[in-house]
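I'd like to walk you through one structure, so please have a look at it first.

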Amino acid sequence: MAQTFEIWMEGYRATGERGTAQMIGTGIGDTFDEAVKDYMKWNPKHGIEENGRSRYVSDEVYKNRRSNWNI
């Protein structure tokens, strides 16, 4: 059953810089991945990219990734 998911960008703190977590928007789907794709469909300037294998140093790291998405 489809549900609404909130899509957030995590915060960071590094080299004296920092940013807080921010809600990007919402999407509808049976899974979080479907909801992200739904959000992307309705928001063409979303800036979200799907993580592919080439982004990771090994197959093991790719298989153990925490998320399919980055922004």
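I'll go through the pocket, then the aromatic rings, then a loop residue and a helix residue.

A word on the ground rules: this is a predicted model, so local features need pLDDT of at least 70, side-chain atom pairs count only at pLDDT 80 or more, and totals for chains, interfaces and linings use all residues. Residues are numbered from 1 along each chain as its sequence is written, and side-chain values use heavy atoms, with hydrogens and water left out.

Let's start with the pocket. On a 1 Å grid over the protein atoms alone, a pocket is an open set of points where a 1.4 Å probe fits, with protein on both sides within 12 Å along at least five of seven lines, and lining residues have an atom within 4 Å of a point. The largest pocket has a volume of about 450 Å³, counted as the space filled by probe spheres set on the points. Its lining has 13 residues, and Trp8, Glu10, Ser67, Trp69 and Asn70 lie nearest the centre. Strand 1, helix 1 and strand 6 (69–70) each give two or more residues to that lining, and strand 1 gives the most, with three. Here helices (H or I, at least four residues) and strands (E, at least two) are DSSP runs, numbered from the N terminus.

Now the rings. Which two residues form an edge-to-face pair? They are Phe5 and Phe32, at 6.0 Å centre to centre and 75° between the planes. Rings of Phe, Tyr and Trp (its six-membered ring) pair if their centres lie within 6.5 Å, and planes over 60 degrees apart count as edge-to-face. This pair links distant parts of the chain, with Phe5 in strand 1 (residues 3–9) and Phe32 in helix 1 (residues 32–42), 27 residues apart. Phe5 is buried at 18% relative accessibility, whereas Phe32 is partly exposed at 34%. For those words, buried means under 20% relative accessible area, exposed over 50%, and partly exposed in between (1.4 Å probe, protein chains only).

On to the loop. Most residues other than glycine have a negative phi. Thr15, though not a glycine, has a positive phi of about 45°. Thr15 sits in the loop between strand 2 (12–14) and strand 3 (17–19), and is exposed, with a relative accessible area of 79%.

Last stop: Lys63, in helix 2 (residues 59–63). Lys63 is exposed too, at 65% relative accessible area. From Asp33, Lys63 is 30 residues away in sequence and 16 Å away in space, C-alpha to C-alpha.

Methods: Phe/Tyr/Trp six-rings, centres within 6.5 Å; stacked < 30°, edge-to-face > 60°.
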